[in-house]
Protein chains: 2
Amino acid sequence: MANNVKYLPADERRAVIVDTVLALAAEMNPAEITTAAIAGRMGLSQGALFRHFQNKDAIWEAVMARAATVLTERAEAAAQSGASPMESLEALFFSHINFIVEHPGVPGFFFGELQRPGKSPARERAKELMESYGRLVGSILQEGKESGRFFERLDIPSAAGLFVGIIQGLVLQSFLTGERETIAKRAPGVFALFRRGIERGRSE
Amino acid sequence: MANNVKYLPADERRAVIVDTVLALAAEMNPAEITTAAIAGRMGLSQGALFRHFQNKDAIWEAVMARAATVLTERAEAAAQSGASPMESLEALFFSHINFIVEHPGVPGFFFGELQRPGKSPARERAKELMESYGRLVGSILQEGKESGRFFERLDIPSAAGLFVGIIQGLVLQSFLTGERETIAKRAPGVFALFRRGIERGRSE
DNA sequence: CATGAATGTGAGTAATCACTCACTATCTTA
DNA sequence: TAAGATAGTGAGTGATTACTCACATTCATG
């Protein structure tokens, strides 16, 4: 893990810094991550950080942007992978779960940033991510509704909110237990119930 | 709002401090609430705080304990109010939503505390609350399942997790928009979908 | 291989943090 | 109304924070 290679090009160093913050976020409260902790983990001095980022907020924005990019890429791939809307939704759900299992620091980072009032750059990135994610889920739901395979009176915004909510609920439970496996273990059962909620009634 | 009455008895002062923290948590990131901010809002000096609490962690624990007490009382009352398990579940759901609308600082406080690793007193309180809440939901679900009104193959832990998750999803959306009304407006539609997921199939 | 540009150092800075304590103001009660 | 108990003050403490800068080290290139 000790990535203490020195004199990296600026873009690579920025990437290493972002990685380091994500690694720290998996181990501690993101709100308590200090520039000293980041530099220490990298084996560099604090000064090196500020050569590549104007301030801590800029680091936070880069971290959020990176998380958003990776998650969005995977989500879009998953959304197109299914043969039916329900399969796409299921693939999207589990790709999101896998992302969180691989990057356990991201949800906490996300929560922490959304709690901040006003508009920090990182918070704006987080909002953008949520909105585009919501649109993606909404389009799949709409498709399923139109194809007649979903509940015909399905309220798209509610269902999209529920979709995001069930993931958040799982994250919260894993925060509680402190164990990373919790979320992957509970995911299938919870998704099955969500599926029951949105699919066509069996006698309608 | 300015509660700057001086020379309150110790127990009343402690209650005022807890109220003040909850009020601040509704306006700012709980992680950024300082003892200076609390004292300033009350119109007292910082020293006054530490006459009534040993340290900041003790204040945080008291805040969490108070939130847990109020929420638990309301939840238990709601759980017993319904004529059927589904009605009880619905009453529980909306009492929780109302609690959050009235105390908008609590969810953020909760998230922030759960993100902290190790075991702070406040975090332990939060875990206790979640566990007893989960048991309450689980018992209603079990009752509904046994009475034949819920899905007969319902997985109780998944459904309880889903119940908590849909509330978290609504909270997250209200964090995003920054508007307090969002959560109450979206709640009915999301609960309807949850209900569809757990109730008996119409042709089974 | 010399030289300028890029990257990193380490000892600083002022601001802010939770917390302390000798002292004062107020309340309670005999 | 005197006096002890309780509550609050305000100027401190050392630790920690994000951030700076003169200087050193290494890299890239003609």
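The model is predicted, so local features need pLDDT of at least 70 and side-chain atom pairs count only at pLDDT 80 or more, whereas totals for chains, interfaces and linings use all residues. Residues are numbered from 1 along each chain as its sequence is written, chains are lettered from A in the order in which they are written, and side-chain values use heavy atoms, with hydrogens and water left out.

**DNA strand C**

DNA strand C is surrounded by 20 residues, the closest being A10(A), R13(A), S45(A), R51(A) and K56(B), where a residue is near a strand if one of its heavy atoms lies within 4 Å of it. Of the atoms of DNA strand C that come within 4 Å of the protein, 65% belong to sugar and phosphate. By class, this surface has nine nonpolar, seven polar and four charged residues; Ala, Val, Leu, Ile, Met, Phe, Trp, Tyr, Cys and Pro count as nonpolar, Asp, Glu, Lys and Arg as charged, and the others, Gly among them, as polar. The largest contribution to the surface near DNA strand C is that of α3(A), with four residues; helices are DSSP runs of H or I with at least four residues, numbered from the N terminus.

**DNA strand D**

Around DNA strand D there are again 20 residues, of which K56(A), A10(B), R13(B), S45(B) and R51(B) come nearest. Sugar and phosphate make up 67% of the atoms of DNA strand D that come within 4 Å of the protein. Here α3(B) gives the most to the surface, with four residues, while α3 of chain A and α1 (10-25) of chain B are also among the elements that each supply at least two.

The table lists pairs of N or O atoms within 3.5 Å.

| Protein atom | DNA atom | Distance |
|---|---|---|
| K6(A), polar side-chain atom | phosphate oxygen, DNA strand C | 3.1 Å |
| R13(A), polar side-chain atom | phosphate oxygen, DNA strand C | 2.7 Å |
| Y7(A), polar side-chain atom | base oxygen, DNA strand D | 3.3 Å |
| T35(A), side-chain N or O atom | phosphate oxygen, DNA strand D | 3.1 Å |

**A39 of chain B**

A39(B) lies in helix α2 (residues 35-42) of chain B, and counts as buried because its relative accessibility is 1%, buried meaning under 20% relative accessible area with a 1.4 Å probe and protein chains only. Leaving aside residues up to four places away in sequence, A39(B) touches L44(B), S45(B), Q46(B) and L49(B), contact meaning heavy atoms within 4.5 Å. Between A39(B) and I17(B), which are 22 residues apart in sequence, the C-alpha to C-alpha distance is 8.2 Å.

Notes. Polar contact = N/O pair within 3.5 Å; in protein donor to acceptor, adjacent residues only side chain to side chain. Buried < 20%, exposed > 50% of the residue type's maximum accessible area, 1.4 Å probe, protein only.
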